[in-house]
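Welcome, and thanks for coming along on this tour.

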Amino acid sequence: MPTLTRWFLKAALLYLLFALVAGVLLVSSVSKFITGFFPAYFHMLTFGWLTQLIFGVAFWMFPKYSIAKSRGHEWLGWATFILLNTGLLLRIIFEPLNAIAPSLMNSWALIASAILQWLSGFSFVLNTWVRIKER
Amino acid sequence: MPRLSVYFVRASLIHALLGFTVGGLLLANKGVMFSPTLWSLLPLHIEFAFIGWMAQFAMGVAFWILQRFSRGSPRGNEKLVWAAFALLNTGILLVVIQSLFGVNGFALSGRIMELLGLAAFAAGNWRRIKPLEDKPRS
């Protein structure tokens, strides 16, 4: 298993763990202190866990791009990993904060999060598209 | 990777990009509100992300890696799975058209097509979910 896939899978498992902890908190007595956290919880499951798991396994298992670059442009894979996790972490921190106390910093952090997450999807598609080959 | 998986996975990547784009716009709009009506695109984000991206990607990869048959067509009834691909993507398109343009009845027809697509996929691959076949001893 390539190093990048191990990072993707371990990060995915951590997000699943965090999401399940958040799930407990959201139905407990502390839920009133974390208003606005539900979208972040939901995206930890769908983006941090499921999508990241797919990204990691696809990078590992998809057909080789070429003999020299079997997994395509590996730097794009690393960019995907960094963009996804930075973008999602920004969302997890600043989306609930923005719901409680809107501020210019929180607003721009959400925009940065949106751009980073979109770029992570774009770089994944770019690197994976060329590896989808009929045999 | 068989041709049908190539179609499924490429279509799923297009849906992923569409889903990420709509999702990104929704999140950015939470930061700095540039369109009060943008929130109405949430059903599109969900449709692209869950059905178009995740479900379709899983179907494409499953068709590729599930067990093959040693006799007859190795991946079973491929016509059913081609039908699944067509039904699923036409269904998503119809749901999107209703969400964007408010054409009544399209979402219902689209969801029924998605359901039939999944049924066709399951019917086409059900028998491929089986234990490994024993290789004949020489």
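A salt bridge here is a side-chain nitrogen of Lys or Arg within 4 Å of a carboxyl oxygen of Asp or Glu. Keep that cut-off in mind, and remember that you are looking at a predicted model.

**Stop 1: chain A on its own**

Select chain A first. You will find four helices and zero strands, so the order of elements from the N terminus reads α-α-α-α. Its C-alpha trace spans about 55 × 30 × 25 Å along the principal axes.

Now zoom in on helix α3 of chain A, residues 74-100. Show the side chains of E95(A) and R91(A): they meet in a salt bridge, with 2.9 Å from N to O. Where do these two sit relative to each other? Because E95(A) and R91(A) are four residues apart in this helix, about one helical turn separates them. Over all chains, the structure holds five salt bridges.

**Stop 2: where the chains meet**

Bring chain B back into view and select the residues in contact across the two chains. Chain B contributes 24 residues and chain A contributes 33 residues. Together the chains bury about 2500 Å², and 75% of that lies on carbon and sulfur atoms. To see which residues of chain B supply much of this, select M1(B), F20(B) and L27(B): they account for 25% of the area that chain B buries against chain A, more than any other three residues.

How many salt bridges cross this interface? The rule finds two between chain B and chain A. To look at a salt bridge between the chains, show R3(B) and E134(A), whose side chains meet at 3.1 Å, N to O.

Next, colour the chain B side by element. Two helices give two or more residues each to this side, α1 (3-31) and α2 (42-65) of chain B. The largest share, 14 residues, comes from α1(B). Colouring by class instead, the side of chain B that touches chain A has 17 nonpolar, four polar and three charged residues.

**Stop 3: a helix pair across the interface**

Hide everything except α4(A), residues 104-129, and α1(B). Their axes lie 8 Å apart and the packing angle is about 170 degrees. The two helices are therefore roughly antiparallel to each other. Their contact is made of 14 nonpolar, eight polar and two charged residues.

**Stop 4: a helix pair within chain B**

Finally, select α2(B) and α3(B), the latter covering residues 78-101. These also pack at about 170 degrees, with axes 10 Å apart, and are therefore roughly antiparallel to each other. On the α2(B) side, show contact residues including P43(B), F48(B), I51(B) and F63(B); on the α3(B) side, V81(B), F85(B), L88(B) and I92(B) are among them. By class, this contact has 13 nonpolar, four polar and two charged residues.

Key. Residues numbered from 1 in each chain as written. Chains lettered and ligands numbered in written order. Predicted model: local features only at pLDDT ≥ 70, side-chain atom pairs only at ≥ 80, totals over all residues. Heavy atoms only, no water. Contact = heavy atoms within 4.5 Å. Buried area = accessible area lost by both parts, 1.4 Å probe. Nonpolar A, V, L, I, M, F, W, Y, C, P; charged D, E, K, R; others polar. Axes fitted to C-alpha atoms, helices over the stretch in contact; angles between N-to-C directions. Parallel < 35°, antiparallel > 145°, perpendicular 65-115°, else oblique.
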